[in-house]
Amino acid sequence: MTAFLLCAYIALLIALSVRNTRAASAKSLITGEGTAGPLLCALSLTSTIIGGSATLGMGALAQKTGTAAFWWLGVGAIGLVLHGLFIAPLIRRLPACTLPEVLRVLVGRRAERFAGFIIAMAWIGVTAAQFAALKTLLGDMLPGTTGTVFFIVLSGAIVLHTAAGGQKGVLRTDAVQAMLLAGGFTAAACWVLSASGTDPVLGERLAAIDPVPFNERFGFADWVKLMALVGLTYVIGPDMFSRTFASKNGAAARKGAFFAAAGLVFFGAAITLLAMTNLSAGNPIAGWLSPESTMPAAIRTALAFGLVAALAGSADTVLLSACAIIERDLLGADRSGRMRLLVALFGLGAVVVAATSGDIIAWLLYAYALFVPGVALPLLVVLLALALRGGADALDLDNNLAAARTFANERLWLAGAAAGGLCGLVGNFMGSGWTYAGLAASLVFAMLSVATAFKTPSAARVR
């Protein structure tokens, strides 16, 4: 039955994506022509965010930090609120459709290429994390080599539907996948709460949960570090930007971010509950799907497909975001056909990488340690400066695009971003101290780049 349902799910993915797949340019493929409303944006953001790290990764994290695992999504909810409040309405008015293009408008072409290179490197890890989680999940769901076969088939279907459908296809499938994962996790969490009254073992596990998400293994200082390294990717991140650029307008993007933030709080609580009541399993979330689980078969099936939908919904978005940046920002072109080919090649590479390592959180922390100090934090400084100077209206984009670059000195910005990215990369091998040093360096140089630009007389700046 599970195999049959997986085949039906794969067919659904492809069917939703091959409809209306024509795209005259890579920009059209990336943005879906900017027609998404608040609900579709929220469903797509939720499907994207609730991936490998927010399911199987959080289960493993709960074994190390207890209920503090909630903060993996908790900081994301805070980041999305900040994105909706300050970032989404601002960038939606810029002549851009990717995160590095925002840098081209505000800083310069070299900054765009630098950010594009960093994101392309980092998002190999993000994409690989989703496929690694999918491999682990299908191995737990299906016996023997069957799980491996379905991993290859489903991974191929994800790559195919992303290449064929582009943003329109991703948005459509994300909406379905968000409903599947909401149904699965809601059913499983409700069952745990109700069954704890009749199942002594489950009742004991539930009673032992400390609901306070701080403890001796995860204190406030750890929360600050997590907010800096992970939460910031929800404020400034390629996937968040892609949803904002796919929205109808800034208001739709803002509401979508707020709705998705509320969803993250719910999923954070539900996933933490499921993990804390099954800590003895190899993976507390995937363990509910084992034949030894006391969870009823129907609810196990719903949870299983919620998990599959979560992982597929994350993989397609990060694939599309990364390849859009390669096509538009690194190659400086706008060809939809080549971008589809890039999705296929990038996806295949991520599947191969995922097959060699299943450490989901480690892959994501590698990506974030490179991206946050190298791109996200210095870009945030420039965007805040823009907001303080009056927002997009201050750029006078219709009359003089060059004036936009007065918001940052490109050489100083690049110096800080390069130092931050390098320290983040070293930090993956030498310890997190290097990563935080990179954050400090990129912050200082970004602030100097903005301050220096503001001191330049306006007549000299506008050329």
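The model is predicted, so local features are given where pLDDT is at least 70, side-chain atom pairs count only at pLDDT 80 or more, and totals for chains, interfaces and linings use all residues. Residues are numbered from 1 along each chain as its sequence is written, and side-chain values use heavy atoms, with hydrogens and water left out.

## Helix H4

Helices are DSSP runs of H or I with at least four residues, and strands are runs of E with at least two, both numbered from the N terminus. Helix H4 spans residues 53–65, and the C-alpha atoms at the ends of these 13 residues are only 15 Å apart. A straight helix would reach 18 Å at 1.5 Å a residue; the expected span is 1.5 Å times one less than the number of residues. H4 bends by about 35 degrees at Gly 59, where the bend is the angle between axes fitted to the seven residues ending at a residue and the seven starting there. After H4 comes Gly 66, with a positive phi near 70 degrees.

Burial is judged by relative accessible area: buried means under 20%, exposed means over 50%, and partly exposed lies in between, with a 1.4 Å probe and protein chains only. By this rule H4 is mostly covered, with ten of its 13 residues buried. The buried residues of H4 include Ser 53, Leu 56, Met 58, Gly 59 and Thr 65.

Thr 55 is also part of H4, and this residue counts as buried because its relative accessible area is 0%. Contact here means heavy atoms within 4.5 Å. Apart from neighbours within four places in sequence, Thr 55 contacts Ile 50, Phe 185, Ile 271, Ile 285, Leu 307, Ala 310 and Leu 311.

## Two further buried residues

Thr 272 belongs to helix H12 and is buried, at a relative accessible area of 8%. Not counting residues up to four places away in sequence, Thr 272 touches Met 58, Thr 67, Ala 69 and Phe 70. Met 58 is among the buried residues of H4.

Ile 158 sits in helix H8 and is buried, at 0% relative accessibility. Its C-alpha atom is 8.2 Å from that of Ile 14, although Ile 158 and Ile 14 are 144 residues apart in sequence. With neighbours within four places in sequence left aside, the contacts of Ile 158 are Leu 13, Phe 131, Leu 134, Ala 312, Ala 315 and Asp 316.

## Nonpolar surface patch

Ile 78, Val 81, Leu 82, Leu 85, Phe 86, Phe 258 and Phe 259 make a nonpolar surface patch of about 560 Å². Patches are made of residues with over 30% relative accessible area and no salt bridge; like charges are joined within 9 Å, and nonpolar side chains (Val, Leu, Ile, Met, Phe, Trp, Tyr) within 5 Å. Accessible areas come from the Shrake-Rupley method with a 1.4 Å probe, and for residues only the protein chains shown count as cover.

Helix H5 (71–91) and helix H12 (250–276) each supply at least two residues of the patch. H5 gives the most, with five residues. Leu 85 is placed in H5 and counts as partly exposed, at 36% relative accessibility.

## Salt bridges

Side chains of opposite charge can pair when their charged atoms come close. A salt bridge is taken as a side-chain nitrogen of Lys or Arg within 4 Å of a carboxyl oxygen of Asp or Glu. The whole structure holds eight salt bridges, including those tabulated here.

| Asp 174 | Arg 243 | 3.4 Å |

The salt bridge between Asp 174 and Arg 243 links distant parts of the chain, 69 residues apart: Asp 174 is in helix H8 (residues 146–195) and Arg 243 in helix H11 (residues 238–246). Both Asp 174 and Arg 243 are buried.

Glu 327 lies in helix H13 (residues 297–330) and Arg 338 in helix H14 (residues 336–356), so the pair ties together parts eleven residues apart in sequence. Glu 327 is buried at 0% relative accessibility, whereas Arg 338 is partly exposed at 28%.

Salt bridges with shared partners join Glu 101, Arg 328 and Asp 334 into one network.
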